[in-house]
Every structure is written in structure tokens, then in C-alpha cells.
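Please look over the structure shown here before reading the briefing. The points after it are grouped by topic.

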Amino acid sequence: MQRSSAREFSIDRQTKPELAGAHLWPLLAVNFFMADFQAGIGPFLGVYLLGHHWQSGLIGTVMTIGGIAGMLMVIPAGAFIDRTHAKRAWVVVAGISTIAASAIILLSQEFWVVATSQVATAIAGAAIVPTMNAITLGIVGQRGFNRQNGRNQAFNHAGNVIGAALSGYLGWKFGYGAIFALAAVFGVLSITCIMLIPPSSIDHAAARGMKEGESDSSASSLAVLLECKPLLILAVALLAFHLGNGAMLPLYGMAVVSHGQVSGPSFVAMTIIVAQASMIVASIVAMHMAEGGGYWPVLLISFLALPVRGVIAAQLLTPWGVYPVQILDGIGAGLQSVAVPGLVARILNGTGRINAGQGAVMATQGVGAALSPAIGGWMAQQFGYAAMFPTLGAFAVLSVVLWLKFRTELVAAEAIRE
């Protein structure tokens, strides 16, 4: 595979540090505000539909439909982001699309209306994640990506905490319509912040992993994604993880709410707050761990967290169980939010296909996340929540086995080569 060192900051940080900071603060602000608008009704969807007399199996199915749509779009979206120089515009388009699609559910809870909304939301999400990764890489370069992405993720998780807290309060006080209104406000703020990033601050060659001075025509073909063994190992490990992890949060909220012990919006908000607060810490820890020992141990710990979470969730179907269950969620997801984009950027450095590669990995994650609600929802309906949670957690055992077996190849693949 062709490799090279990515370009450093397109702005000389030593001679113009004030300009670098001026461009990074809007980037951090976008990550903060996009957390809430990107989710829309998101985790509140399950309990919202339960309140409109949906069954858990049907809720899982409609979530799966959206997940499949997102999965099909992430590779084309990543490849498009590699080529386009209008990256900021795609954050705007994705934000508007997500909010509009989520608002439709307020007007109708018919199956195909909800399914269409989930499809539109998933497609928008498929574009915004690689776009933000590309903008970050284009501003800070390969060597600055780990640290800046760690900060981005910390701000993103902080935005989720604030957004979930406000959503829980507003949903309890004024109903689900207020949750959508809050998402719209965060969307407007995200769009404002992305426009504060000057187009000239984004090095589009560095954003896709090209050699300095090379044109888009020098990029490797998309076949490089299938020829890269470390990327395939990562993809399969993440597929197994998300097959178990995807349904954990919505189904845990549904399990406790269905027992009539708590208010739906406030409890779901608490599950998000606990997890996202944990992710803030986990993302910062992941950033420092990666600087010292690489991404391999970071991802191993994230995989190990899921089986433990599944066992604990089955035993603690009570309101206070949200703390251990969602802290473990925060550990797994927070570590991966930093390690996965960073590892993909390292593996594909020099190919010009970093964002297509990010899309390919997101596709495999999407397969797992899409199938997980359907599997978990029907299992819960047939066998109960206590049997369902440990089964979902057990899928990550395959991730651990793969990660241990191919350790040498994975560690070698993430080294930055001059």
C-alpha cells in the first residue's frame, strides 16, 4: 500500500498560532452543537413510540430499516467527501435534513412515515461524520489528528450531556415537541459555527490522505479498501461489537420504562447523560493512551466493556442501574470515538482514500447497529430482557478474539511512516 506522511497544519502553528486557534475553536463548537441536532429524537424514539402503542419488535424493525439505509450510504458519502472541496456545505445540508426528518414523526406515527424519517436521518448521519473527520484532518494534518480528534470528541460528548439534560427536562415539562425545538436551535448554532471556519484553512489533500503536492487523480482506487487486511480486521471486529452494542441503550431504557418505574423522557435523558459524561473522560483518556501506546490497547479495552455491560444490564433493570450500565457504555463508545477514526487515518495514510475508508468502517458498524435492534427487540419480546442483554454482550467476544490474534499486524499498520 502506498504510504506517506500527511501534511502538517496548513497554517504554520509556530508562526501563526493565533490563527490556528481561531480556526479550531469553531471546529470544537460545531462538535458541541452537532451532538444534539444530529441525534434529533434519537434515543427518545423508543419510549416515544411505546407511548403510541408500538411493540418492541416493531420499534426494533423500524430502527433497523434506518440503520440499513445509513449503511448503504456511508461508503459513497466518504468517497464523495474525499473529492469535494465544499465540505462545510455538507454539514449544513446534513443538519437541515436531520431536523426536518425528525420533525415528521411529530405529525404522524404511521409505520412508513417513521421508517422514512429514520432513513433520512441515517443518510444525513452517513455524510456528516466523515465530513467532520475530513475537515479536522485538513486543518491539523495527520500528526495533529489524534489530539484534535480527542478534543472534538470530548466537546461532542459534552454537547450530548447538555442536550440530553435539556431534552429530558423540556420533554418532561412540555412534551416531545420541545425536544425537536431544542434540536433545531442546536442545528442553527452548528451551521453558524461551521461557516466561521475559513475554506482556506482546510487542506483538501491532507483531508483525504494525499501526498503533498499530489492531485486527486493520484489517489488509489477504492479497491485499496478490500486489499488492506488491517482495515478488514478492524471492520469485522467493529461489526461484531455493534451487533451487540447497537440495541443496548434504547432497549435498556424501554426495559425500565415498561415496568412503570420512571418517566420515559427523563429516564432516557439520564441514560444519555451518564453515558456521555463517561465518554468525555474516556475520549480524553483515549487521546493520551494513543499518544503513548497506540490505538490497539484502546480498542481492546472498548471491546471488553460490552460483555460486562450485558451481564450487569440483565441484573439491574432498575432506575439506579443506569449508572453502571451506562458508564460502561461511555467507556466503550468514548474510547472508540477517538481510536477508530485515528486508526483508519493511520492505516490509509498516503492512499487518498481516508474518508472512503472511514465510510467503509462505518458501514460495517452500521450493519451491526442496524441488525442489533431487530435481534434485541424480538429476543426481548420472546424471552425477556434478562436473557437478551447478556446475549447481545457476548457478540463482542469475537471482537476480542480478533484483536488479540492479529495484534502484531494491527500495531504495525498504525505507525506513521515518513
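What follows covers the overall fold, the surface and the salt bridges in turn.

This is a predicted model, and its protein chain contains 17 helices and 0 strands. Of the 418 residues in the protein chain, 59% are buried, and the structure holds 3 salt bridges.

**Overall fold and surface**

- The secondary structure of the protein chain consists of 17 helices, with the count of strands being 0.
- When contacts in the protein chain between residues at least 6 apart in sequence are considered, 85% of them join residues at least 24 apart.
- The protein chain exposes about 15,500 Å², and carbon and sulfur atoms supply 68% of that area.

**Salt bridge between Glu291 and Arg147**

- Glu291 pairs with Arg147 in a salt bridge whose closest N and O atoms lie 2.7 Å apart.
- Glu291 counts as partly exposed because its relative accessibility is 42%, which falls between the 20% limit for buried and the 50% limit for exposed residues.
- Arg147 is likewise partly exposed, because its relative accessible area is 30%.

**Salt bridge between Glu409 and Lys229**

- Glu409 forms a salt bridge with Lys229, and the closest N and O atoms of the pair are 3.3 Å apart.
- Here too distant parts of the chain are linked, with Glu409 in helix α17 (residues 407–413) and Lys229 in helix α9 (residues 229–245), 180 residues apart.
- Glu409 has a relative accessible area of 33% and is therefore partly exposed, while Lys229, at 40% relative accessibility, also counts as partly exposed.

**Salt bridge between Arg309 and Asp329**

- Arg309 and Asp329 form a salt bridge in which the closest N and O atoms are 3.4 Å apart.
- The pair links distant parts of the chain, Arg309 belonging to helix α12 (residues 296–315) and Asp329 to helix α13 (residues 322–347), 20 residues apart.

Key: Residues numbered from 1 in each chain as written. Predicted model: local features only at pLDDT ≥ 70, side-chain atom pairs only at ≥ 80, totals over all residues. Heavy atoms only, no water. Helix = DSSP H or I, 4+ residues; strand = E, 2+ residues; numbered from the N terminus. Buried < 20%, exposed > 50% of the residue type's maximum accessible area, 1.4 Å probe, protein only. Contact = heavy atoms within 4.5 Å. Areas by Shrake-Rupley, 256 points an atom, 1.4 Å probe, with all protein chains shown as cover. Salt bridge = Lys/Arg side-chain N within 4 Å of Asp/Glu carboxyl O.
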